[in-house]
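I am opening this notebook to keep track of what I looked up in the structure below, beginning with the chain as a whole and then turning to two local sites.

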Amino acid sequence: MICEKAMSKLKILIADDEEEVLDIMAKKIVSQGYTVVKAKDGEEAWEKIQSTVPDMVLLDLNMPKLNGFEVLKALRSRPPSDKWQPVIIISARGELEDIQKGLSLDAEHYITKPCTIDDILKGIKLMAKLIPHHMTPGEINDDPTSTT
């Protein structure tokens, strides 16, 4: 069983081009004990994914420079590490075609806007609980969600 304290050590990258939305999400997620890395566009998101190797990624789709689908495709085709990095798409694009595309690119979860911060926190907690199930034996001792 994963303890809440270990789950809260997770580093989460949030990518959204709406500064107010980004700041509100970051503030609330930090208040839950998580570490947050912010990106204001897709290019910055991809750079920070490579440089900070977050435990989880929250991606908006409609961003300048690179859209969320492009960032997700880059992450899945050129992962910065061997660890599993769950991706939650949080987007106003709620058409079935967009959801199917996100999932076909290996996003783990898709939340449509408008949504509540509680919806996002539930998604984060769900993904955090799944991280240990995707770990290799070598990662178990290094990962903050490990109970060993």
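I count a contact wherever heavy atoms lie within 4.5 Å. With that cut-off, residues 24 or more positions apart account for 64% of the contacts in the protein chain with a separation of 6 or more.

I note that this is a predicted model, in which local features need pLDDT of at least 70 and side-chain atom pairs count only at pLDDT 80 or more, while totals for chains, interfaces and linings use all residues. Residues are numbered from 1 along each chain as its sequence is written, and side-chain values use heavy atoms, with hydrogens and water left out.

I listed seven helices and five strands in the protein chain, taking helices as DSSP runs of H or I with at least four residues and strands as runs of E with at least two, numbered from the N terminus. Of the 148 residues, 45% count as buried, meaning under 20% relative accessible area with a 1.4 Å probe, protein chains only.

I then went to aspartate 60, which sits in the loop between β3 (56-59) and α4 (68-77). Is aspartate 60 buried or exposed? I found it buried, with a relative accessible area of 4%; leaving out residues up to four places away in sequence, aspartate 60 touches Ala15, Asp16, Asp17, Gly68, Ile90, Ser91 and Lys113.

Just after α3, I recorded a positive phi of about 45° at valine 53.

Notes: Buried < 20%, exposed > 50% of the residue type's maximum accessible area, 1.4 Å probe, protein only.
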